[in-house]
Amino acid sequence: MREFKILAVIAALVGITYYGIEPYAHHIMHPEVAPADFSFKTLKNVDTTLAGNVENGKVLVEANCIACHAIDKAGYPAVMPNADAAASYGVVPPDLSSAGRIYDKNYLANFIFDPVTAMHLEGKYTPESGKQFPMPAYNWMSPQEIMDVVAYLQSVSPKVEGTEAHKATFEAACGRCHDMKYAGIEATTPKDNLKTYMGTTPPDLSQYIKSRGEHYLHTFINDPQALLHGTSMPRVGLTEAAQEEVIAYMEEIGDSKKAERESLGLWVMLYTFVFAILAYLWKRKIWSEVH
Amino acid sequence: MMDESRRGFIGKAFGAVAAVGGVASLIAMKKTWDPLPSVMSAGFTTVDVSGLEANKLEIAVWRGKPVFILKYTEDMKPTDGRSVKIGDHYFSVMIGLCTHLGCIPAYRADQHDFKCACHGGEFSADGVHKFGPPPRPLDLPPFKLDGVTLVLGEEGPEYKAMMAKAGGA
Amino acid sequence: MAEFKKADSMLEWFDQRLGVVNFAKVMMTEYWIPKNINFLWAMGVLLTVMFTFLVVSGIFLLMYYKPDVNMAFDSVNYTIMQEVAYGWLFRHIHAVGASVVFLVIYIHMFTGIYYGSYKKGREMIWISGMLLFVLFSAEGFSGYMLPWGQMSYWAAYVITEIFGGIPFIGDELVVWIRGNFYVSDSTLTRFFMLHVLLIPLAILGAIVFHFYALRFPHVNNEKGEFFDFDEEAEKYLAGNKKESKVVPFWPVFLSKDFFVLGFFMLFFFYLVFFHYNFAMDPVNFDKADGLKTPAHIYPEWYFLWSYEVLRGFFFEIAGVSGKDLGLIAFGIANAIFFVMPWLDRSPMVKPANQRPYFKYWFWFLMVDLIVLTVYGKLPPTGANAWVGFASSMTFLVLFAALPFITKAEAKKVGGK
């Protein structure tokens, strides 16, 4: 009985200390922010209830987009090699093949209308800064025309699933600026251009699943400004499903032994439990002679 | 009697020789831990300050340490003994490590001051500590002026003048 | 050489040459431990097992780790964590084990303080134990640098910078320790050497010394009772096992230890596989960058209390700067436990709760250490800085008052 009391006292002291230095301290150092919003409801420039016309969208895309953007899956190759594109625009313009699949419809429409507001980078592209986002705002297009473009982009996006989708989404959404060294992926924009364009070299994401954790990434990718005010990383506007694919990919690369760890953990604990029970029985037998 | 004192002498001599050997090896071991000559002589960092923007912190690296170079705006007052005049403009040139425990303070452009995230120390634009645990202003790196080029690691007359002022104060 | 008879058995063959029968008696079957003990007496064996875990996991990590600033981070986080079969397991055991070993050390240490096991002839046990604490601290600190993450770098930076506060030689001493003006490749390689060779050797020596120091004064017991071990041992050997106040180390004492060890390991492996962030700080999965300070810098949890004593003094008192005061207080905090046997002036060897004054002192110290630990992690801003100052002062005052409290206690109980 006395031993249980001692154990309870130690457990209480250790528990209080643990609570103070882990959950409580982290709560103080990293205050909670508003949860991720995957409907991008603050963006209201375009009426997204309008049904888009794919045919008309194709015409608009050919006239307005493919001068800079590749849409490989629809037969529009890149206009120039990555290095040249980065030199001309500051950063490699994205291939729009998967744009319809990975970006939220509301975000995409509002992005076309006004990229800077959609990306939440008003703080970087102020009139005083003299900087200009390489893509112009298509706010002269009618909402119907914008929705036609969105409908066209959605129609050409190939369907991919499973781990293949994880990698594809990561490359499309993050791969123009970020390296993923542990997967052998290098940013498509050359480092020098990136440094000028972003103000700093974007980090390698190989271990971000460990250093930031799933919880942080979940809100951060959705709206970087909310957690890191002043960062030059844009809000990229991924749908919840696409963002989960990105995070899944970061986990596959950064924490590849997770499944093995969790299953082996159960077996080792089961073994240790058997060890402990037998140790107890043996101890009882031995001590019965001396007590 | 004779015998014993001689044994005493030989014993002491043996002990002394052993001690000399021990001390000599300790010196050798201490020196093995010294920074290498290549490290000691490594690098002078040169920075061309002519292209810098006012009120925007430039961080150069000198001997692995960040060196803050801050060009003053018109309304920022230079401090005697801490601000450096290069051409027509005044600059702060200082080692960007908090004098408390060596973190790198961040520049707050709107308030013209530095704030250290580690233990809350604050420094004014000329590097003088004004709040928190830092015991002294940000250190000044030895420098030499060569026109509009700043050479970190060499002691020029401007630096010596500033040091003399700091020592005299 | 003595003449050897032909041995009749393998045991006899070894016994002739190594005296194994007598050795086993002295070390195991006739090494006497008091009977009235509780599970807190198993911490020594737990520590021995944990140290073995650390050595074994460390050996495997050593096969793939590269002590070089350009390669260290990836050799740990890619090669060991993702390529080497079970490399992740060894790293988790090593990192979590290093943290948990301090939990057990603290329990072991405060058990000693609670039961007065540092007094009356047991001073050398206590001092050798404190020496082990210091060596483990150095081992933990040097090892924490090796993964070369942001926390490795900045903890190394801040802690080596502390030596800069020593008068006259401070600045040069820091450069000498680092082998450079900043924490760099030379710092990493020398701390690597310390971590994998010099300090482990010293720890092994200190463990042997600690065990040896136990032989003459014997292990303390739950009541602080003194008795004649030889007499009790005779009773035991004569078959009066139930009457005797002692039990042999093997198998009786160890059977209890293994039982405690079993349940402790259950807890340990839970942490290793499912709950390891407390020992493997997420910030350390960012590669070291000397030009980018993390938002919050803190040491591992087991150094937090003394770290808080260091930074608790954040303002000048009587012309002495906060930094110097903190450094002095930090020095005292790390040395004061060594002299526990002489600070406690009461000859009474009893569990703290049976000591009229000491019990308050003990629980006060526990609370203060927990406050120091928690506030050592929190950002030192606003009211937190003052809590840090108050608890640091409390720590110093508690130890300054200990001789007087225990002297008064000795008077009260009449030297019993």
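1. Helix 8 (residues 170-178) of chain C has the lowest confidence in that chain, with a mean of 90, while helix 5 (residues 87-114) of chain C has the highest, at 98. For chain C as a whole the mean pLDDT is 94, and 99% of its residues reach 70 or more. Where pLDDT is low, predicted coordinates should not be read in detail.

2. Which chains touch? Two pairs of chains do so, and the pair with the most contacts is A and C. Chains A and B, by contrast, are joined by no contact; their closest C-alpha atoms are 12 Å apart.

3. The interface of chains B and C involves 22 residues of chain B and 23 residues of chain C. On the chain B side, the elements that supply two or more residues are strand 2 (58-62) and strand 3 (65-71) of chain B. By residue class, this side of chain B comprises 13 nonpolar, six polar and three charged residues.

4. Chain B also contains an open sheet of four strands, arranged in the order 6-7-8-9 with antiparallel pairing. Its edges are formed by strand 6 (106-108) and strand 9 (129-131) of chain B, each of which pairs on one side only. On average, neighbouring strands of this sheet are turned by 35 degrees against each other, direction ignored. In general, the strands of a sheet pair through backbone hydrogen bonds, either parallel or antiparallel.

5. Strand 6 of chain B pairs with strand 7 (residues 113-115) of chain B in the antiparallel sense, over three bridges. Within this pairing, R108(B) has D113(B), in strand 7 of chain B, as its bridge partner.

6. A further antiparallel pairing in chain B links strand 10 (residues 143-146) with strand 11 (residues 149-152) over four bridges. Here L145(B) stands opposite L150(B), which belongs to strand 11 of chain B.

7. Which residue takes a positive phi in the hairpin of strand 10 and strand 11 of chain B? The hairpin has two residues between its strands, and G147(B) takes a positive phi near 70 degrees.

Definitions and conventions:
Residues numbered from 1 in each chain as written. Chains lettered and ligands numbered in written order. Predicted model: local features only at pLDDT ≥ 70, side-chain atom pairs only at ≥ 80, totals over all residues. Pairing = 2+ DSSP bridges. Axes fitted to C-alpha atoms, helices over the stretch in contact; angles between N-to-C directions. Contact = placed C-beta atoms within 7 Å. pLDDT = per-residue confidence, 0-100. Nonpolar A, V, L, I, M, F, W, Y, C, P; charged D, E, K, R; others polar.
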